[in-house]
Amino acid sequence: SIQSVSLDRKKGLIRTLTNQHDRMKVFDFKGNLLYETLKPHTGHNNDMFCTGDELWIAGTQKACDPQLWLYDIGDNSVIRKDVSAVRCWGKDRDFSGVCEYDRNTLLLVARENMKNTRGANAPGDKMGIYKMDRKTGVISQWFELPWRGIFIQGATYVNGYLFVATNMLYKIHGGMSIWVIDTRAQTLVDEMIIYFEGEAEGLDHNIENGRLWLYVGLGSPPGKFAYVGKFESMYQ
């Protein structure tokens, strides 16, 4: 199985997490499995990113219990961070996307807690993008966008663009829609849609030969496949 994917660009490693037994697999950039291990429990492991020996993991499984975990790979320990502030704006929000904005700041991505997860958004539902100070833990809302979709599956930020992986509207396992958000204009500029019998499971990026590539987990609910795929972004 697979729930999230992150890249250690300095060490040339790709890590994946599952939702079962907190198993972490580590690959090289050629796709060779180097090793796998178990880590402490961090919820649903919905999305993550790596910085040095730290993994920041969005473990949220319920909107009423938003979870952000800091996992120290070196000593195999976890600390839960307080992200309850994402519920303070508007309705309860399901926080499930996390990525790095800069060395001192994280981005948290949340969506309204819908009653119908099949895509029946209520009028006025929003996606909220928040900044979190890595040292102090202070969270502030950056901006909002109209939300339509089911779940947020991953997020990554690069070159002024925030990429957010979501499920296909009305069909959880019908593929993925990668939202392209221009953070300077604070607008949704495009949706890159890929159809397949599954869903996105985490999102990250890498610059290869001067071009931006997006890395995404690809999962099938019956367990037919669990891949890490990559594609060149239309937005550089």
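**Close-up views of a predicted model**

**View 1. Arginine 184 and its salt-bridge partner.** Arginine 184 is exposed, with a relative accessible area of 62%, where exposed means over 50%, buried under 20% and partly exposed in between (1.4 Å probe, protein chains only). Its side chain meets that of aspartate 182 in a salt bridge (3.7 Å, N to O), a term for a side-chain nitrogen of Lys or Arg within 4 Å of a carboxyl oxygen of Asp or Glu. Aspartate 182, at 16% relative accessibility, counts as buried.

This is a predicted model, in which local features need pLDDT of at least 70 and side-chain atom pairs count only at pLDDT 80 or more, while totals for chains, interfaces and linings use all residues. Residues are numbered from 1 along each chain as its sequence is written, and side-chain values use heavy atoms, with hydrogens and water left out.

**View 2. The salt bridge of aspartate 22 and lysine 39.** These two side chains meet at 2.6 Å, N to O. Aspartate 22 is buried, with a relative accessible area of 6%, and lysine 39 is buried, also with a value of 6%.

**View 3. Strand S7 and its neighbours.** Strand S7 (residues 68-72) has four of its five residues buried, strands being DSSP runs (E, at least two residues; helices are H or I, at least four) numbered from the N terminus. S7 pairs with strand S6 (residues 54-58) in the antiparallel sense over five bridges, and two strands pair if DSSP finds at least two bridges between them. Five bridges also join S7 to strand S8 (residues 77-81), again antiparallel, and in the turn of the S7 and S8 hairpin asparagine 76 has a positive phi of about 60°.
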